Amino acid sequence: MEDVETVKLLKVKEGSKNAQILSTSKVLERALRTIHGHQNSLNIDCLRDIAGIRAALDVLSTYLGDDFVENVKHFQALPKCLETAKHLCSNSIRSVLHLFLLKQLVRHDPNGIDAVKERCKRTELKWIMPPQSEEQDKTPDIFIIHHENYRTVREALGKAILTSNMDDLNVVIQEDLQAQPIARSCYVLLALFREITSSFSLVNAEDRIPDRILGKLSQYIEGMQFLPNELKGLAGNFLTNFGNANSKLLQLSPRQSTNDRRLIEVLVHFLIVMKCLPQNRLLQPLTNLALNPAVMMNAFIPTMPHDDAPEVLGAIPDGRPY
């Protein structure tokens, strides 16, 4: 049924793009008038409206790309069509339509979710991005120091969350990412914490990642051959905000201060690096400080300045340093 509606809109496009936008707007306006009557029923009219909405939002998303400004200038019907879509998606009960439009935007944009976020900063498109995205943008990503590889994985994960499709994420991690398995594990775990665990600090529980998506991610993680079982366990803790862990020290909560969350991010970063590189000799002092501090009581760290106090005291006859 949705294919039929899509074909109708595509045929209209053969006449002119403006005509296609007008037809898209009419479909959305019709749905806006009739959708209230379908809330407690599922019949052929309801299914037709749903199919029409999906087809119309898909078409609309193709005009909201990088050429959006030019499209607004050339197609007079576009602003009204966009406004109708906004009214249709604004109801919290119909948030699934809102999410569907966002998915289509990401799907049609070759530059990924970050490009969509940037474009949706425009006043006309600002309503498209969910509130949690804006809140997360206010929180700088301290893991970005890992540069392009981490950013690539994080963007792919963000897109997978929006589209519920793990295939593109798998291609990025398994094929596109030019990194050793250890580094790849680090990037994946850091991205999971940033995109998944961080959402548990949002005040509104509805803004967090749906359980359905978390379930898909859990299955996907279990199938990662390059990720050792111990790291899969850590990834699982990120999906549940350490709900199944022995300690709740690293759990995120809306009640925490910004400083508390920053401290947890630093600890998580250290934990990931330590778990991914257990045999790294350069990390051994830090690992001992964290897990076995007693060993470090009498250790000499090469970067420590030499303490002259014993020699000074030994050179003074009465042992007094004054």
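Is Ser 164 buried or exposed? Ser 164 is buried, at a relative accessible area of 11% (buried is under 20%, exposed over 50%, partly exposed in between, with a 1.4 Å probe and protein chains only). The model is predicted, so local features need pLDDT of at least 70 and side-chain atom pairs pLDDT 80 or more, while totals for chains, interfaces and linings use all residues. Residues are numbered from 1 along each chain as its sequence is written, and side-chain values use heavy atoms, without hydrogens and water.

Most residues other than glycine have a negative phi. Ser 164 is not a glycine, yet its phi is positive, about 60 degrees. Ser 164 sits in the loop between α9 (147–163) and α10 (167–176) (helices are DSSP runs of H or I with at least four residues, numbered from the N terminus). Phe 242, also not a glycine, has a positive phi of about 60 degrees. Its loop lies between α13 (229–239) and α14 (258–276). Phe 242 is buried, with a relative accessible area of 4%.

The helices α9 and α10 pack at about 165 degrees, with axes 8 Å apart (axes are lines fitted to C-alpha atoms over the stretch in contact, and angles run from 0 to 180 degrees between N-to-C directions). α9 and α10 are therefore roughly antiparallel (angles over 145 degrees). The contact (heavy atoms within 4.5 Å) involves Thr 152, Val 153, Ala 156, Leu 157, Lys 159 and Ala 160 of α9. From α10 come Asp 168, Leu 169 and Val 172.

Technical notes
Helices (H or I, at least four residues) and strands (E, at least two) are DSSP runs, numbered from the N terminus. Angles under 35 degrees count as roughly parallel, over 145 as roughly antiparallel, 65 to 115 as roughly perpendicular and the rest as oblique.
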